[in-house]
Amino acid sequence: MLECGMLERDKRALVSRSAILLKQLVVDELLIQSLQADEILTEGMAENIMAKQTSQQRSWHLLLLLPKRGPKAFSSFCSALKETQQQHLHELLTQSSEKDGKEAPGVRFQPVEEPVMPTTEKKSEARRRFIDSSLPLPTQEVVAAKRARTQESMEFSLDADSPINTPVLPCSSDFYLSHRHKSYQMNSPPRGFALVISNVTFDPCAAPELDTRKGGEVDDEVLRKVFTELDYIVTVHRDLTAQGMRACIEEFSRRPGHGTMDSCVVCLLSHGVEGAIYGTDGQLLQLDWVFESFDNAHCPLLQNKPKMFFIQACRGEEMDCGVEQVDGPVRTCSPSCEQRDAGREGQGDASARQRGDMGRPRIKLPQRSDMICGFASLKGQNICTAAMRNTKRGSWFVQELDKRLRLHARDTHLADIMVQVNLHIKEREGYAPGTAHHRCKEMSEFTSSLCKDLYLFPKYQPQY
């Protein structure tokens with residue numbers, strides 16, 4: 001039986017899993033493009049969905065449309081979930097659809113509007129209309145999504161040939177209310193803009209010494225997905241020259257939308273040296289210039305707001321071969337050991353440039369504050385180390401950052417998350433017998449000028 005174009009069993013599968021979908025579904029450009037390619041969504045529908053401010057609103061709008069888009073909409077949606085690495089939701093829906101194969105009373109999707117609640121009256125009316133619909137309210141306290149993963153299953157995910165699939169765990173209302181006064185404000189919908197620049201392939205003529213960063217494409221996809229789930233508007237650029245990176249960063253730092261956002265994120269992935277990263281043309285972009293572009297003088301719209309940077313690049317040529325622990329075991333059989341190659345990134349040397357201070361009127365701020373930057377490798381007085389990267393799973397640093405954000409952003413501030421990243425990278429070692437990379441080590445670090453705790457409060461939206 002068909003109703004609104006979709007099979008009853010498929011419609012029931014969407015309804016029965018709608019609470020989980022509203023909480024975990026990542027509606028981004030890749031998923032929407034996939035549905036457009038299958039002619040499930042029109043261009044206008046796609047634009048309307050992506051114009052919604054929060055991830056939950058985008059999910060809500062999409063779930064209202066799907067039952068009306070024909071009998072192929074469900075299978076196309078499931079395929080799009082697989083293509084965007086949301087395998088757990090694909091399995092959830094397909095298993096539910098199979099179980100609901102027997103005929104059951106029809107379930108109607110009511111095309112109500114998602115709530116925009118500037119006043120108490122509108123909020124009450126919107127809430128009433130949501131309760132009357134067949135989909136649940138998009139609140140934070142919904143049903144439990146999945147059983148908690150055990151430590152054993154986590155380690156298996158780490159060593160699999162794809163990144164971790166665990167959805168970002170949501171922040172509870174109680175945690176938000178008890179921590180918001182002592183931390184940076186973090187409740188804007190969305191949380192902010194995120195920029196990812198990933199250089200994977202380099203010009204063989206202009207930069208013959210810079211190899212293709214195999215596995216680099218995994219990193220930018222992992223970062224795109226995790227920050228989308230954390231409710232950032234993510235823009236990804238790949239394979240830019242040094243000048244192209246500069247232009248991209250300048251445009252990003254000057255976006256007027258930063259004024260209504262609570263934070264921003266910048267991720268740079270490339271070959272590098274201490275203080276700089278390479279463009280695809282072999283030219284260097286100084287990291288000091290990048291930080292300067294977001295300081296209190298050059299980016300006033302982000303004053304007193306947290307600015308997060310993550311640099312996946314080498315800071316020198318030295319490879320950390322590790323030191324035997326004096327009171328440790330003869331051989332570590334850690335499940336964290338790599339089972340494939342661990343390619344080093346970057347060569348050469350460069351010096352950071354500096355620029356003068358600019359005075360600020362009224363209340364004065366330091367030239368540079370409220371920043372935190374995670375580096376994949378160490379800088380030291382006598383050693384600048386190489387960053388390790390796996391060709392199938394991406395870099396160690398991005399793997400660990402992704403995992404810790406997904407599991408702990410709900411109740412841990414970012415500085416402590418970066419300490420956890422350091423700890424788990426410290427425990428890893430390469431596995432490549434017969435090569436210089438065998439049992440190699442890496443150590444990440446971070447610098448911070450944050451002035452408060454930085455909680456991301458994932459998937460929580462205050463009810464005004």
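Helices (DSSP runs of H or I, at least four residues) and strands (runs of E, at least two) are numbered from the N terminus. Helix axes are lines fitted to C-alpha atoms over the stretch in contact, and angles between N-to-C directions run from 0 to 180 degrees. The model is predicted, so local features need pLDDT of at least 70 and side-chain atom pairs count only at pLDDT 80 or more, while totals for chains, interfaces and linings use all residues. Residues are numbered from 1 along each chain as its sequence is written, and side-chain values use heavy atoms, with hydrogens and water left out.

A pair of helices makes a friendly place to start. Helix α3 (residues 29–37) packs against helix α4 (residues 43–50) at an angle of about 160°, and their axes lie 10 Å apart. The two are therefore roughly antiparallel (an angle over 145 degrees). Contact (heavy atoms within 4.5 Å) involves E29, I32 and Q36 on α3, and E43, A46, I49 and M50 on α4.

Next come the cysteines. A disulfide is a covalent bond between the sulfur atoms of two cysteines; here a pair counts when the sulfurs are within 2.5 Å. The structure has zero disulfides. For C299, the closest cysteine sulfur belongs to C264, 6.6 Å away, which is too far for a bond. C299 is also buried (under 20% relative accessible area), at 2%, and C78 is buried at 4%.

M308 is buried, with 1% relative accessibility. Leaving aside residues up to four places away in sequence, M308 touches Y232, S263, C264, V265, V266, I372, L414, L454 and L456.

Conventions: Parallel < 35°, antiparallel > 145°, perpendicular 65-115°, else oblique. Buried < 20%, exposed > 50% of the residue type's maximum accessible area, 1.4 Å probe, protein only.
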